[in-house]
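I opened this model to note how its parts are put together. The entries below follow the order in which I looked things up.

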Amino acid sequence: MTTRTQRMKGTLIRLETAVGSKDKEVRKQALRIKPLLEKWVGRLGLTHWQIKFDMCTTAPRTEGDIAWQTHMETATMWPYMDSLVTVYVPIVADLCDDDLEKTFVHEMCHILVNEMCAVDHGNDDSGPREERVATQVATAILGAYSMGYEHGTESAKARKTKAK
Ligand SMILES: [Zn+2]
């Protein structure tokens with residue numbers, strides 16, 4: 001398992017600072033992350049967690065497998081309800097808004113399920129298992145959200161038609 005310090009090679013800028021950064025790309029990506037935080041943290045019941053976001057100015061080091069790119073990664077200390085999300089600026093810059101939101105929700109799901117996966121002490125297999133669970137839970141959440149959104153849009157249309 002790689003640790004955060006092994007993978008990083010760039011400068012880290014805390015989100016609160018990054019939104020006002022002189023670096024145009026860092027600022028642009030921070031301003032895309034901030035509304036996602038406002039949209040999802042409360043909805044996912046994570047308001048009482050400490051969740052810090054660091055914008056990393058470089059891509060993570062790859063380890064032989066260049067087919068996979070890490071967009072963000074989350075380190076969680078679940079007993080303290082404390083998480084640190086690293087956002088790789090050059091990598092997330094290539095994501096469309098939908099994919100950025102999917103990635104964001106996926107990272108939040110790591111926070112939700114990390115405690116369960118940590119039960120697997122010493123089992124080196126727990127990393128891929130947590131990935132799969134986070135992906136599945138994120139898919140379920142985003143599916144339910146879009147179903148609610150579509151329902152709301154239809155209701156609003158019906159109300160408009162009625163009002164005419
Ligand atoms: Zn993941």
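**Entry 1: overall counts.** I began with burial: of the 164 residues of the protein, 20% count as buried. A residue is buried here if 20 or more other C-beta atoms lie within 10 Å of its own, exposed if 12 or fewer, and partly exposed in between, with C-beta atoms placed from the backbone. This is a predicted model, in which local features need pLDDT of at least 70 and side-chain atom pairs count only at pLDDT 80 or more, while totals for chains, interfaces and linings use all residues. Residues are numbered from 1 along each chain as its sequence is written.

I then listed the elements and found six helices and four strands. Along the sequence they follow the pattern α-β-α-α-β-β-β-α-α-α. Helices (H or I, at least four residues) and strands (E, at least two) are DSSP runs, numbered from the N terminus. Next I checked contacts, meaning pairs of residues whose C-beta atoms, placed from the backbone, lie within 7 Å. Among the contacts with a separation of 6 or more, 68% are between residues 24 or more positions apart.

**Entry 2: the sheet.** In what order do the strands of the open sheet lie? I read the order as β1-β2-β4-β3, with mixed pairing. β1 and β3 are the edge strands, each pairing on one side only. Two strands pair if DSSP finds at least two bridges between them. From one strand to the next the twist averages 25°.

I went through the partners of β4. β2 pairs with β4 in the parallel sense over seven bridges, and K52 stands opposite L84 in β4. Strand β3 (residues 72-77) is joined to β4 by six bridges and runs antiparallel to it. On that side A75 stands opposite L84, and E73 stands opposite T86. Five of the seven residues of β4 are buried, so this strand is largely enclosed by the rest of the structure.

**Entry 3: the turn between β3 and β4.** These two strands form a hairpin with four residues between them. M81 is found in this loop, and I noted its positive phi of about 50°, although it is not a glycine. M81 counts as partly exposed, with 14 C-beta neighbours inside 10 Å. W78 lies in the loop between β3 and β4 as well. W78 is also partly exposed, with 16 other C-beta atoms within 10 Å. I looked up one distance from W78: its C-alpha atom is separated by 8.9 Å from that of L112, 34 residues apart along the chain.

**Entry 4: helix α3.** I checked the length of α3 (residues 24-40) first. At 1.5 Å a residue its 17 residues should span 24 Å, and the end C-alpha atoms are 25 Å apart, which agrees. The expected span is 1.5 Å times one less than the number of residues.

Which residues of α3 are buried? They are V26, Q29, A30 and I33. Seen down the axis, the buried residues of α3 fall within an arc of 105°, so they line one face of the helix. The arc is that of the directions from the helix axis to the C-beta atoms. The face turned away from this buried side carries the exposed residues K24, P35 and E38. I also looked for what covers the buried residues of α3, and the list includes β1 (12-14), α2 (15-18), β2 (50-56), β4 (82-88) and α4 (89-92).

α3 lies across β1, β2 and β4, running at about 150° to β2. α5 packs on the sheet too, touching β2, β3 and β4, and its direction makes about 20° with that of β3. Axes are lines fitted to C-alpha atoms, for helices over the stretch in contact, and angles run from 0 to 180 degrees between N-to-C directions.

**Entry 5: the nonpolar core.** A nonpolar core is a set of buried Ala, Val, Leu, Ile, Met, Phe, Trp, Tyr and Cys residues joined through C-beta atoms within 7 Å. The largest one has 23 residues, and M55, V87 and V89 have the most contacts inside it. Two or more residues of this core come from each of α2, α3, β2, β4, α4, α5 (97-117) and α6 (126-163). α5 gives the largest share, six residues.

I followed V87 further. Not counting residues up to four places away in sequence, V87 touches Q29, I33, F53, D54, M55, C56, M72 and V92.

Definitions and conventions. Contact = placed C-beta atoms within 7 Å.
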